[in-house]
Amino acid sequence: MWSLEEILMATGGKLIRQGARSVFGEIVTDSKSAKKGSVFVALKGARFDGHRFLGDAARRGAACLLVHKRPVAGGALGGAAVVRVKDTLEALGHLAHYRRTVVAPKVLAITGSNGKTTTKEMVAAILQSASLDGQRLKGKVLKTEGNFNNLVGLPMTLLRLRGREKVAVVEMGTSTPGEIARLCRIAEPDIGLITSVAPAHLSGLRTVAGVAREKGQLFRGIRSGGVAVVNADDPWTRRLGARFKGTKITYGKSGAVRAEGWRSLDAGESRFTLRVQRQREPVRLRFSGAHNLSNALGAAAMAHGLGVDIAAIRAGLESARPFAMRMAVERWRGVGVINDAYNANPASMEAALKTLGQLKAKGKKIAVLGDMLELGGEARERHRALGRQAAACGVDRLYLLGSQARAVAAGARRAGMDQDRITIGKNHRHLAGLVRKHARRGDWILFKGSRGMKMENVLAALRDKEA
């Protein structure tokens, strides 16, 4: 519940229309989600303007409207109160920060070029198995759902705090300079982790150094007395961690949290011994690939920083499951499928191809790849490099889709892959039909591409008998 006084205090807004109520319910940004008593925040973006839907929100029951433009005629707003703020997006962040301050959970924030969501899911799974200050955390952990990690998604995550939560695990994403700093002002993290720094969102951040500067804002935004979790295997994050003046926990091959005896198993699993300081625990992880081992170690280091014991860390890691379309292992007609179609950049492509190459397959290893987007002027060369990596990882057949497919094919051919093993599709369904002709029982197929490529549609069409 929100009182009018709380909304005015949190946002610094001005009441310009008295409503029928002074106490309100949940905060929404979509007028279709408004219900009796809701607070509707009229966001304005490049392609939409929530101010056009004030009347719709009021008709659906919204009792308070946050605006930064002149509202529609009063009669269309029913009994809704109207609060004017300087900027509704900033106001949404202010409301979330107010809720974070009132509920006061420990906030664990994760950013990085790769592995944010998987690491977040692993951390949340650990905490559900853990205790903090003698209290069980099961049912008292809030986490980012899906990829709600931007200036709208993160506030909406924190606004889900209801009062009983002890920990909030949040993702922070960015595509332009300054976003991470703004997200930190909203969330005020107690513990921060940067998974990696790699070429991603270069159209906005320009260079890998620009990516590092932006991601590094997380360590600067950690609360006084907080903890920075540092990936010792990543040169950029190691450098960013060296500048942090507070408590640090390292993970990786030379970190305080590390893995011993890691080995990949069939069916997308792996085993290793987790070492935290001088303690050790055997772990069976339901994830494959060295990059997911790194994600698991990062999650373990974060939980250790919060004070979770190693037994709970082990239990949580073993209970964690791959998130949809992130290295999720499936089966299709006796063919092993690695569905990693949610997103892609050069580093995550390389990690996925290495994982495919390391599998003990009875048949062929097949990669179905879409373009990597938002690489700016480096796009063509990065895609040529992708083709070279596919050949180096021992991919037997390469199926490609997108405007950069020819660049990938050229890179693969230059690295020694025969032309008859490389196929460029016209669309998802066409590509699925081509894959269907060659896939046999015992093969493994990797599906991966940037979110805009929707490579999961190839897998869906593959399962469709009409493909």
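User: What gives the most to the lining of the second largest pocket, and with how many residues?
Analyst: Helix H3 gives the most to that lining, with four residues. Please keep in mind that this is a predicted model, in which local features need pLDDT of at least 70 and side-chain atom pairs count only at pLDDT 80 or more, while totals for chains, interfaces and linings use all residues. Residues are numbered from 1 along each chain as its sequence is written, and side-chain values use heavy atoms, with hydrogens and water left out.

User: Which elements each supply at least two residues of that lining?
Analyst: Strand S4 (27-28), helix H3 (88-103) and helix H5 (153-158) each do. These names stand for DSSP runs numbered from the N terminus (helices are H or I, at least four residues; strands are E, at least two).

User: And which residues lie nearest the centre of that pocket?
Analyst: Of the 23 residues that line the second largest pocket, Glu-26, Ile-27, Leu-159, Arg-160 and Arg-162 lie nearest its centre. By class, the lining divides into eleven nonpolar, five polar and seven charged residues (Ala, Val, Leu, Ile, Met, Phe, Trp, Tyr, Cys and Pro count as nonpolar, Asp, Glu, Lys and Arg as charged, the others, Gly among them, as polar).

User: New topic, then: which residues line the largest cavity?
Analyst: Leu-369, Gly-370, Asp-371, His-383, Leu-386, Leu-400, Leu-401, Ala-405 and Val-408 line the largest cavity. Two or more residues of this lining come from each of strand S21 (365-370), helix H14, strand S22 (397-401) and helix H15. The lining has six nonpolar, two polar and one charged residues. On a 1 Å grid over the protein atoms alone, a cavity is a set of points where a 1.4 Å probe fits but cannot get out, a pocket is an open set with protein on both sides within 12 Å along at least five of seven lines, and lining residues have an atom within 4 Å of a point.

User: How do the axes of H14 and H15 cross, and at roughly what angle?
Analyst: The axes of H14 (residues 379-392) and H15 (residues 405-414) come within 6 Å and cross at roughly 45°, which means that H14 is oblique to H15. Axes are lines fitted to C-alpha atoms, for helices over the stretch in contact, and angles run from 0 to 180 degrees between N-to-C directions; under 35 counts as roughly parallel, over 145 as roughly antiparallel, 65 to 115 as roughly perpendicular and the rest as oblique.

User: Which residues of H14 and H15 meet?
Analyst: From H14, Arg-380, His-383, Arg-384, Leu-386, Gly-387, Arg-388 and Ala-391 meet Ala-407, Val-408, Gly-411 and Ala-412 of H15 (contact means heavy atoms within 4.5 Å). Five of the residues in this contact are nonpolar, three polar and three charged.

User: Back to H3: at roughly what angle does it cross H1?
Analyst: The axes of H1 (residues 4-11) and H3 cross at roughly 115° and come within 8 Å, so the two helices are roughly perpendicular to each other. Glu-6, Ile-7, Met-9, Ala-10 and Thr-11 of H1 make the contact with Ala-91, His-94, Leu-95 and Tyr-98 of H3.

User: Last one: how far apart are the axes of H4 and H12?
Analyst: The axes of H4 (residues 116-128) and H12 (residues 310-319) are 7 Å apart, and the helices pack at an angle of about 125°, which makes H4 oblique to H12. Met-122, Ala-125 and Ile-126 of H4 meet Ala-312, Ile-313, Gly-316, Leu-317 and Ser-319 of H12, and this contact has six nonpolar, two polar and no charged residues.
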